[in-house]
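I put down what I looked up, one entry at a time.

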Amino acid sequence: SMAGLGDAVYIFGGMTGAGGVTTASDLLRFDLFTLTWTNLTDASGQSPPPRAQHGMAAVGSSLFVFGGQNAARPLKGLFSYDVNAHSWTNIIPATSAGGTACSGPNDIKIVCATGNA
């Protein structure tokens with residue numbers, strides 16, 4: 001998934017390999033001024049497990065990653081990445097069940113939902 005924040009676009013995860021059978025957990029930053037890519041996989045904290053078909057949103061100076069799936073099953077959980085601190089936080093474990101609502105930084109409300117079409 002992808003989200004814009006400040007002068008950059010961030011991409012997290014996705015599928016790799018022939019036929020898209022392997023999920024990834026890379027976090028990449030594309031600088032819109034210098035037109036260069038930076039791999040941010042060396043961030044501190046607990047990053048989300050590899051996933052695809054997930055959502056990502058930017059709020060303040062943080063990116064929030066939710067849901068998706070790996071090669072075996074759907075994933076839930078909510079993770080945040082602070083672009084200034086260069087660190088991940090596991091807000092809701094990836095094994096939690098069902099939809100979730102929670103409070104983010106400064107009492108910002110974040111609503112997460114899961115489901116199949």
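How many aromatic pairs are there by the ring rule? I count three aromatic pairs, where rings of Phe, Tyr and Trp (its six-membered ring) pair if their centres lie within 6.5 Å, and planes under 30 degrees apart count as stacked, over 60 as edge-to-face and the rest as tilted. I looked up Phe30 and Trp37: this pair is tilted because the planes stand at 50°, with the ring centres 4.8 Å apart. Tyr81 and Trp88 are a tilted pair too, at 5.2 Å centre to centre and 55° between the planes.

Source notes. The model is predicted; local features need pLDDT of at least 70 and side-chain atom pairs pLDDT 80 or more, while totals for chains, interfaces and linings use all residues. Residues are numbered from 1 along each chain as its sequence is written, and side-chain values use heavy atoms, with hydrogens and water left out.

Cluster. I find Phe12, Tyr81 and Trp88 linked by ring pairs.

Burial. I took buried as under 20% relative accessible area, exposed as over 50% and partly exposed as in between (1.4 Å probe, protein chains only). Phe30 counts as buried because its relative accessibility is 19%. Tyr81 is buried at 1%, and Trp88 is buried at 7%.

Strands. I used DSSP runs of E, at least two residues, numbered from the N terminus; two strands pair if DSSP finds at least two bridges between them. β2 (residues 8-16) runs antiparallel to β3 (residues 22-31), with eight bridges; Gly14 has Ala24 in β3 as its bridge partner. β3 is also antiparallel to β4 (residues 36-39), through four bridges, and Leu28 faces Asn39 in β4.
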